[in-house]
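Work through the exercises below with the model open. Each task is followed by a stepwise solution.

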Amino acid sequence: MTAHVITSPRFKENAHEAMLSPPLQKAMGNVERNFIERRAQAAANLPEFEALRDAARDIKTHTLKHLDLYLEAYERKVTEAGGHVHWAADADAANKIVLDICRKAGARTVTKGKSMISEEIGLNGFLEANGVTPVETDLGEYIIQLRGEAPSHIIAPAVHVNKEEVEAEFRRVHTHLDPKRDLSEPTSLLAEARGELRQKFLAADVGITGANFLIAETGTSVIVTNEGNGDLTQILPRVHVVIASLEKITPTLEDASQILRVLARSATGQEMSVYTTFSTGPRRPGDPDGPEEYHVVLLDNGRSAMLGTEFEDMLRCIRCGACMNHCPVYHAIGGHAYGWVYPGPMGAVLTPTLIGVEKGGHLPNASTFCGRCESVCPMRIPLPKLMRHWREREFERHLTPPTARWSLKTWAFFATRPRLYRLATRVAMGTLGMLGRGSGRFRSLPLASGWTKYRDMPAPQGSTFQAEWAKRRRAA
Amino acid sequence: MTPTGTGPRVALFVTCLVDLYRPTVGWAAVKLLEDAGCTVEVPAAQTCCGQPAYNSGDKADAKAIAEGVIRAFEGYDFVVAPSGSCAGMIKAHYGELFQDDPNWSPRADALSAKTFELVSFLTDVLGVSAVDARHSGTVTYHDSCSGLRELGIKAQPRALLATVDGLSLRDLPDAEVCCGFGGTFCVKYGEISDKIVSKKTANVALSGADTLLAGDLGCLLNMAGKLKRQGSAVEVRHVAEVLAGMADGPAIGEARKGGKTVA
């Protein structure tokens, strides 16, 4: 296995199971409260927050318009600093490049900082299959790696896992430790993970990180973390590999600084993450630390094909997770139900571009279009509009379920013929109103079981407003 | 009775749900507009704003329906709908729907510019600051998503409700969170919709109000349907009914006087 198994076509079944899981529901309750309150507070504390969102959007929009120029400039700067840039068209190419670097370095173990691109390309599975052991060093990623899972949230990958489950996992895997040790507190779990990982940091031959920004002006990669694991991953091993997708490019340090001001506030409600680390090339003579080799694997994997299309806006995404933190559907079902790597509203837009709308088609449909995601997106990505574009593409390609299509067409037939519509609706509502007059509602209705399975169907009042209005006009 | 206002000529876009389900809301809108001095007309050639087709990816049918709306409504001073969702469709989405159509685009934009949701039209355009109505009881208000986020409707209904005699307004926890309706979403993903609306009804109970109000009939049918299924005694109404003093008939999903309580 080289990549996460795609279960997006089973979205409804996934969601059903998720809604029946009390631990997951409890975890989602925490997301619903904590992330939202903290972001709201952070935004309220910064008077220029909304203006910064505009600036951040404009920086990325500008960058995407000139992406080729900035990518070339970035590559030049990385090379000047003594680093290597590798271009990867797709997941396979990226995996092979990383494996090749590992083999040349004679690596048996690689440490990894948190990277969604690594999840997207299935890097861990690929390395394992080729005799290289990857070790995730972000606590959440470490936990889900032990559990063999995909992340359920893009910044809090193990948000679905509760403390007791972490303890059970640590006891299962860390068998060399005292079985009687006390792991009842989160701090003891953290300490144990730290102890385990410390040895891995020292033993690793290659360190792999993602990047929150790639700065064209300087050839610098930037990571933001809260645990410091990213720094140890990229400084201690002899070789540092950065894997990032094309749209991480930002023109200048100043631009990155502006976007950083909305990133952590939108994500966790922090003003800044605990660590913001800038890496430019390998260790220079006289540097106290740093890797001997510095590689950047630049992944396309469908991004360039999004440029110039209605999905280009999605390339502004900085992976803060605010959209899913504020999504009522995500709160109801959690991240795994989406069936692949990227959940929530950003996943609903991005996933179909990466795995195909045939497999990911449920995702952009499973939204109420409440618009809360767009209202908090620091990059002002019109997420509902982009989901709607997927629905349009599905409709054009006749991927929309036949019953839905038929219902729409029938509705549209009447809605474009007002006289016929008035006649038909008068009869229909008169009948329904008569049938429902006793109780005022229906517990079940033919053709409306999708509604009445979960809620009563209120009965209509019986006449239509248009009929009543016409009567008033005649009486006048 | 003929329209009597001396103010602007307002075309009521009654919306398909109000037309078919709850004419009372349409009459409440007419009363509120006429009380504010408008001449209200109801163009006969109206059906639906096209949103179900638009949000289902059926752009061709959405356009065909929208063209009918534009033709029927463009001759008036204002277009007003007792719904943030339908007004939002015309105001925020018609422009995009016709952006590549040089013939329809200016007409769509012109219609968008003069289309408003009922309550915000009363307060923001007509400057209405109080209504002449009485309603005894405690009410709470749910912010429907389109009205809130596309049209900025939040303070307006609460401001007018505060002027209703005898009414006490309670905060609804998470009032800005979606009720799970989402148009066709509520049947396509019924189980998820149910989970979301169940959180809403729990919050309604926490509010302690005896009446739940909102400005969109879709959300109201969803919330009323769930409350009634759960056996809740909370009454559910469109905010216009209360503002117009027309909340004396059966609430949404309630039996008419003398009817049975369960089918």
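**Exercise 1. A helix pair**

Which residues in H11(B) meet which residues in H12(B)?

Solution. 
- Start with the conventions. This is a predicted model: local features need pLDDT of at least 70, side-chain atom pairs count only at pLDDT 80 or more, and totals for chains, interfaces and linings use all residues. Residues are numbered from 1 along each chain as its sequence is written, and chains are lettered from A and ligands numbered from 1 in the order in which they are written.
- Helices (H or I, at least four residues) and strands (E, at least two) are DSSP runs, numbered from the N terminus. Two residues are in contact if their C-beta atoms, placed from the backbone, lie within 7 Å.
- From H11(B) come Val197(B), Ser198(B), Lys200(B), Thr201(B) and Val204(B). Their partners in H12(B) are Asn222(B), Met223(B), Lys226(B) and Leu227(B).
- Sort them by class: four nonpolar, three polar and two charged. Ala, Val, Leu, Ile, Met, Phe, Trp, Tyr, Cys and Pro count as nonpolar, Asp, Glu, Lys and Arg as charged, and the others, Gly among them, as polar.
- Now the geometry. The axes of H11(B) and H12(B) lie 10 Å apart, at an angle of about 75 degrees. Axes are lines fitted to C-alpha atoms, for helices over the stretch in contact, and angles run from 0 to 180 degrees between N-to-C directions.
- H11(B) and H12(B) are therefore roughly perpendicular (65 to 115 degrees).

**Exercise 2. Two domains**

Find how domain 1 of chain B meets domain 2 of chain B.

Solution. 
- Count the contacts: 30 residues of domain 1 touch 23 residues of domain 2.
- On the domain 1 side, the elements giving two or more residues include H2 (23–35) and H5 (84–97) of chain B.
- That side has 14 nonpolar, eleven polar and five charged residues.

**Exercise 3. The partner chain**

How many residues of chain B are in contact with chain A?

Solution. 
- 67 residues of chain B contact 57 residues of chain A.
- Among the elements of chain B giving two or more residues are H4 (59–73), H11 (190–207) and H12 (217–229).
- The chain B side holds 32 nonpolar, 18 polar and 17 charged residues.

Key:
Angles under 35 degrees count as roughly parallel, over 145 as roughly antiparallel, 65 to 115 as roughly perpendicular and the rest as oblique.
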